[in-house]
Amino acid sequence: MKHALVIGGSGMLAGTVLWLAEVGYHVSIIGRDGEKMSRLTERLPDRLSAVLVDYRDDLLLKEALRRSIEIHGDFDLVVAWIYSDAADALPCVLSALQRGTDVFHLLGSRANPSGVRNGLTIPEDVRYHQVQLGYQVVKGQRRWLTHEEIAGGVVEAIQEKKPLCLVGFATK
Ligand SMILES: NC(=O)c1ccc[n+]([C@@H]2O[C@H](COP(=O)([O-])OP(=O)(O)OC[C@H]3O[C@@H](n4cnc5c(N)ncnc54)[C@H](OP(=O)(O)O)[C@@H]3O)[C@@H](O)[C@H]2O)c1
């Protein structure tokens, strides 16, 4: 079975996690709060695995990735929603990947996609994609994206596999 890793998957990306499981992945999900995580994993216990780790701790993250790969195999696909206080987390994940993995890196509205990309060392044959979160307009008013809009936008990005996808409208 294909193996996906969703970093920060127990929050707004829960819909993406469930879609990945439905289309045939075993999904390992990184988060810290066990109760929040259980509410998600109990929906498809055979397909979803909790990886309870604080991704700011490189050593713990590395060990958690190693164990996850040992149990479910190399990652075929990674979705990463990582806060800016964990600059080393994505490099740590990238260094654990094998050839051909698709990585979908979520960026906040104010991030500079090319600056982020240039700051990363992406291993040869890892296919790196960015998904930038924008905003929505309802009755002339700007608002943030809902969880469903974000999770659905990430699903579209996974299907389209473009280097950069925007969810909603760009923030200028
Ligand atoms: N442009 C936009 O419209 C936009 C952009 C961003 C966010 N938002 C909105 O803002 C709201 C909040 O967003 P959010 O960033 O809180 O997203 P979230 O996806 O609800 O929560 C963050 C996720 O990352 C995990 N996480 C956070 N820090 C971690 C750490 N150090 N180690 C491991 N896992 C960690 C959390 O799990 P644990 O809590 O268990 O650690 C959770 O799964 C959402 O409702 C979303 O709709 C909108």
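Good morning. The buried residues of helix H1 are covered by, among others, strands S1 (2-7), S2 (25-31), S3 (48-52) and S4 (77-80), together with helices H2 (34-41) and H6 (147-160). This is a predicted model, in which local features need pLDDT of at least 70, side-chain atom pairs count only at pLDDT 80 or more, and totals for chains, interfaces and linings use all residues. Residues are numbered from 1 along each chain as its sequence is written, and side-chain values use heavy atoms, with hydrogens and water left out.

Helices (H or I, at least four residues) and strands (E, at least two) are DSSP runs, numbered from the N terminus. Which residues of H1 are buried? In this helix, residues 14-22, they are Ala 14, Thr 16, Val 17, Leu 18, Leu 20 and Ala 21. Buried means under 20% relative accessible area, exposed over 50%, and partly exposed in between (1.4 Å probe, protein chains only).

I turn to the cores. A nonpolar core is a set of buried Ala, Val, Leu, Ile, Met, Phe, Trp, Tyr and Cys residues joined through side-chain atoms within 4.5 Å. The largest has 29 residues, of which Leu 13, Val 27, Val 79 and Leu 106 touch the most other members. H1 gives the most to this core, with five residues. Apart from it lies another core of 25 residues, including Val 51 and Leu 61.

Finally, the backbone. Most residues other than glycine have a negative phi. Asp 125, not a glycine, has a positive phi of about 75°; Asp 125 is partly exposed, at 35% relative accessible area. Lys 139 also has a positive phi, near 50°, and is exposed, at 83%.

Notes: Contact = heavy atoms within 4.5 Å.
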